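I opened my notebook to look up how this chain is put together.

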Amino acid sequence: MTAATAQRVLVCEDSRAYAAALRRVLRYDGDITVAAVCSTASEAMAALPRISPDLVIMDLELPGMDGLTAVEEIMSTCPLPARVSARSGQAAAALAAGALDAIAKDDLDLRDPAGTAAAAFRRHVQVLSRARVIRHRRPALMAGSGARHRARRASVIGICASTGGPQLLAHLLAALPADYPIPLLVVQHIGAGFADGLAQWLDQTVPLRVAIARGGEQAAGPGAWIAPGGAHLKIAATGQLYLDKRTAVGHHRPSGDVLFESIAAAAGRAGVAVVLSGMGADGAAGAAAVRARGGLAIAQDEESSAVYGMPRAAIDLGVDVVLSPNEIAAALLGLSYGPQLGPR
């Protein structure tokens, strides 16, 4: 790849040693250009018009303007892909504001630019650099906007998302009232240790109660339950939630496929599967299983997806509808609650 076609990255990091190590790793094979290294968010914001990067990598703990404020300003004025490093609670807010990915600094090994971990990091940066960044406004839902699915009864809704997902989750959950009766089960691919922070942030932000799923709990709405890191989330026909920390399914644990397949078995025609933006194909086979049992399978449309991999894979296997985020929110509002689980 030539310098003219290399992905351009702006790094905002106040630790000179960490910024230098990050720059070495990014530049190692010549496919990524570090267009600028800024030590403050204000400096990064001033450089954006001149640099025009494909991706911003930003520490959220910065002197002066903090990184979260900078991410919010970037997404509201000149949206572009952003990757942040932070603690759990900060990361959740940044992801919901539009950052595409988050990682704890300690989880990124920068010691060996030629190593496997560094190469995987560069591949991920290249994917993020090409992602589409969309501003999602809170749905303006008109009366009757969910009428298409109003005759359908649902006992449980499963949602699977990866890159771009936290912002979409905040968007969708904000559209549902606090007494929305259908339980929502969520698999969000997210960095290690960040699921708890995402659940806490959403619980404080949206009308619905949001919590990390615990094994043995009953999924009885209103509420949304997010799969914890490192465990598959399943639901039984009794409505009881189960966590599986041992089974390996592809590259993901939790996996949307595992969640959706349990919904298909437990709820039959009363099951709903929603596949949102993300890399790869997780959720596609599970959504097809829900549809095969008579349930409703929804995929996000390409125009609004930061990364279209997961929705496209679901569409290829077969879904009932392809919708924008506002239309998905309207469809969920249009469902009526059928409390009985079990195949129909």
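**Entry 1: the sheet**

I looked up the strands in this predicted model. Five strands form an open sheet, and the order reads E2-E1-E3-E4-E5. The pairing is parallel. I noted the general rule too: strands of a sheet pair through backbone hydrogen bonds, in a parallel or an antiparallel way.

Which strands stand at the edges? I found E2 (32–38) and E5 (101–103) there. Each has a single partner strand, so one side of each is left without a neighbour in the sheet. I also looked up the twist, which averages 20° from one strand to the next.

E4 (residues 82–85) pairs with E5 in the parallel sense, over three bridges. Val84 stands opposite Ala102 in E5.

**Entry 2: helices across the sheet**

I counted angles over 145 degrees as roughly antiparallel.

Then I turned to H5, residues 116–129. H5 lies across E1, E2, E3, E4 and E5. Its angle to E3 is about 120°.

**Entry 3: H2 and H3**

How do H2 (residues 41–51) and H3 (residues 67–77) pack? I read an angle of about 20°, with the axes 10 Å apart. The two helices are therefore roughly parallel to each other. H2 passes H3 in a right-handed crossing.

I listed the residues that meet. H2 brings Ala41, Met45 and Leu48, and H3 brings Ala70, Glu73 and Ile74. By class, this contact has five nonpolar residues, no polar ones and one charged.

**Entry 4: H6 and H7**

I moved on to H6 (residues 165–174) and H7 (residues 195–205). Their axes come within 11 Å and cross at roughly 30°. H6 and H7 are therefore roughly parallel to each other. H6 passes H7 in a right-handed crossing.

Which residues meet here? From H6 I wrote down Pro166, Leu169, Ala170 and Leu173. From H7 I wrote down Leu198, Trp201 and Leu202. The residues of this contact divide into seven nonpolar, no polar and no charged.

**Entry 5: confidence**

Last, I looked up the pLDDT. The protein averages 88, and 91% of the residues score at least 70. Where does pLDDT stay under 50? I found that stretch at residues 136–147. The model has 23 contacts beyond four places in sequence for these residues.

Key. Residues numbered from 1 in each chain as written. Predicted model: local features only at pLDDT ≥ 70, side-chain atom pairs only at ≥ 80, totals over all residues. Heavy atoms only, no water. pLDDT = per-residue confidence, 0-100. Contact = heavy atoms within 4.5 Å. Axes fitted to C-alpha atoms, helices over the stretch in contact; angles between N-to-C directions. Helix = DSSP H or I, 4+ residues; strand = E, 2+ residues; numbered from the N terminus. Parallel < 35°, antiparallel > 145°, perpendicular 65-115°, else oblique. Left-handed = near helix turned anticlockwise from the far one by under 90°. Nonpolar A, V, L, I, M, F, W, Y, C, P; charged D, E, K, R; others polar. Pairing = 2+ DSSP bridges.
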